[in-house]
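Visitor: Could you walk me through this one, starting with how it is laid out?

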Amino acid sequence: MKRLILPLAVLVALALAVLPMVGSDTMVQFGINALLLATLAQSWNILGGFGGYVSFGNSVFYGLGTYGTAIAMTNYNLPFGVGLVIGVILAMTGAALVGLPILRLRGPYFAIATLGLNGAMMAIFSNLPIAGSNIGLVLPLARNDAMFYELALGLLVVCTLTVLWISRSRYGMGLIAIREDEDAAGVMGVNATLWKVSALVLASIFTAVAGGIHAYWSTFVDPASAFDSTLNVRMVIMCVFGGPGTVFGPVIGSFVLSAVYEVLAAQISTAAALLFGFVIVLAVVFMPRGLADVVKGGRAISWRYFIRNIRENRL
Amino acid sequence: MVLAQILLNGILLGGLYGLMALGMALVWGVLNIVNLSHGALIMLGGYTVYYLFTLAGIDPFVALPIAMVVMFAAGFALQWGLLNLVVRSKMLNTLLITFGLDVVLTFAAQLVFTADFRTINPSYAGANFPVLGLTVPVVRLAAFCVAVALAAGVWFLLNRMPLGRAIRATAQNLTAARLYGVNPRKLYAITFGIGAALAGAAGGLYGMISNLTPYMGASLTAKSFVIAIIGGLANPFNVILGGIFVGIAESLTALYIGPTYTDVISFGLLVVVLVVRPKRAVRAA
């Protein structure tokens, strides 16, 4: 089973790569959104899944990437690639600046500190003239869905490879040690603050590129869409549903949930958002280690697995 | 003169903020759950009072205790049926589940109540009276008084009643409390219920001063958290003081820097407080 996973993942990636040539326009557009969301979930996984630090503010890096790209392309007529780089630098700086003070906080303190981040950043950007204040920016039009699709796919692949590396490296072991017992990790020589901040910065890179791609694709940026707090909801839920701290869990989780969301949203949009909330509540109760853990158990999984999970944690 | 008026507004609003944080501090201190759906519970309390007022014509201040009873029942059921299932697992999991609850409550509210702004608007909503050249809005003053009265009630409950002793004992040592005959499942549910009832009262008062929307929860959760940390989890009156501190800071920001920056300030305050004195929040109710 374990040996099959990697070749299987490569096959899926290849199959996804040829989709724009055979699929319909709507399918490609759905694909772009799903791939970008999977990237967000995967990059949230770096600090949230491996390091055990729940951030409800990663959408800020998405917004910084969005605005960095948009400002570079509209105000300075720079090419898209340069815009992406500027967005990434902006997000990395933001992650380091924000991370250094608040990542010294532990557990719930950190989580709640990130809760206010999105609102604060939105307030700042809606007052910046260079970012078009409240009105936003209009980017040059580029009608090439296939290109955006391949870019998004490439980004997800690179992000997943990075997570794969993390899961097998000394660095990742350090993060996991922090998740399991931060004091013990410190004793073993892990510089917890450095590890956590670098994890946040790493996550901010992929998140910012996803934002930049989305900005150029949708050709319009404003504070409400760039600093969309529901993005936090979605990336956290997709990662937790799929399996935090696993390599392919977040990707599987976000593909499954994106598909379900798309089907539901066609009927009633609020019901789709409601479903996300139920998913996270039920996931925490019944499968706290995510979908990946359920799949790993293979055929041995039965209702007993879920009962056992509850028995472990109930009062 | 303007400054004095702003300070007065900040203090009156701050009392209400303190009430918002009181329920969160109680649940946090006793159950060790940082309830991210606390803001959503405030929102639900607000809507309960709103509908009691508009549909049944009950005066908002009379509707407040009714809303508190309703929210107590809701909170009790939530803890009994759901949160007790995960309360022993890692903090990450309780954070996530209350976050999920927040999403559920927010969008259920959007579905049921629609996304329109609502205000609880009794005939005396705009009434005010002058004191020493300052204008004192009646509703805000009443909200402040209710907040202080409820804080006193919580203090009395915790320090002078058998139930309060059981709650404090459980917060200190669950196993020992169990040996002395405390039923933790029930006690946790009651405590969460009280927290929800306090949130409900805060929501009703907030609806008279500001607007109700299904999405108001998230920022109020963050605000309550800041205040709970500033005030500590030990004494209800300190929580009210923490609320007043944040209320004044917000009013001054709105005056000197601009109203759009109040969110930035409460976030900055949060970071500063967390970094400077994170050990303040001790587990004891």
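**Layout of chain B**

Guide: Read from the N terminus, chain B has the element order α-α-α-α-β-β-α-α-α-α-α-α-α, where helices (H or I, at least four residues) and strands (E, at least two) are DSSP runs numbered from the N terminus. This is a predicted model, in which local features need pLDDT of at least 70 and side-chain atom pairs count only at pLDDT 80 or more, while totals for chains, interfaces and linings use all residues. Residues are numbered from 1 along each chain as its sequence is written, and chains are lettered from A and ligands numbered from 1 in the order in which they are written.

Visitor: How many helices and strands are there in chain B?

Guide: Chain B has 11 helices and 2 strands.

Visitor: And what share of chain B is buried?

Guide: Of its 285 residues, 54% are buried, a residue being buried if 20 or more other C-beta atoms lie within 10 Å of its own, exposed if 12 or fewer, and partly exposed in between, with C-beta atoms placed from the backbone.

Visitor: Switching to the core, which residues have the most contacts inside the largest one?

Guide: Those are Ala152(A), Ile280(A) and Leu16(B), in a nonpolar core of 212 residues; such a core is a set of buried Ala, Val, Leu, Ile, Met, Phe, Trp, Tyr and Cys residues joined through C-beta atoms within 7 Å. The largest share of this core, 16 residues, is supplied by helix α1 (residues 2–31) of chain B.

Visitor: What does Ala152(A) touch?

Guide: Leaving aside residues up to four places away in sequence, Ala152(A) touches Ile32(A), Leu35(A), Leu36(A) and Ile213(A), where contact requires C-beta atoms, placed from the backbone, within 7 Å.

Visitor: OK, how many residues does each chain put into the contact?

Guide: Chain A contributes 39 residues and chain B contributes 41 residues. On the side of chain A that touches chain B, α15(A) gives the most, with 10 residues.

Visitor: Back to chain B, which residues of α3(B) are buried?

Guide: Among them are Pro60(B), Leu64(B), Met68(B), Phe72(B), Phe76(B) and Gln79(B), and what covers the buried residues of α3(B) includes α2 (38–54) and α8 (184–209) of chain B. This helix α3 (residues 60–81) has 22 residues and reaches 30 Å from its first C-alpha to its last, close to the 32 Å expected at 1.5 Å a residue, the expected span being 1.5 Å times one less than the number of residues.

Terms used
Contact = placed C-beta atoms within 7 Å.
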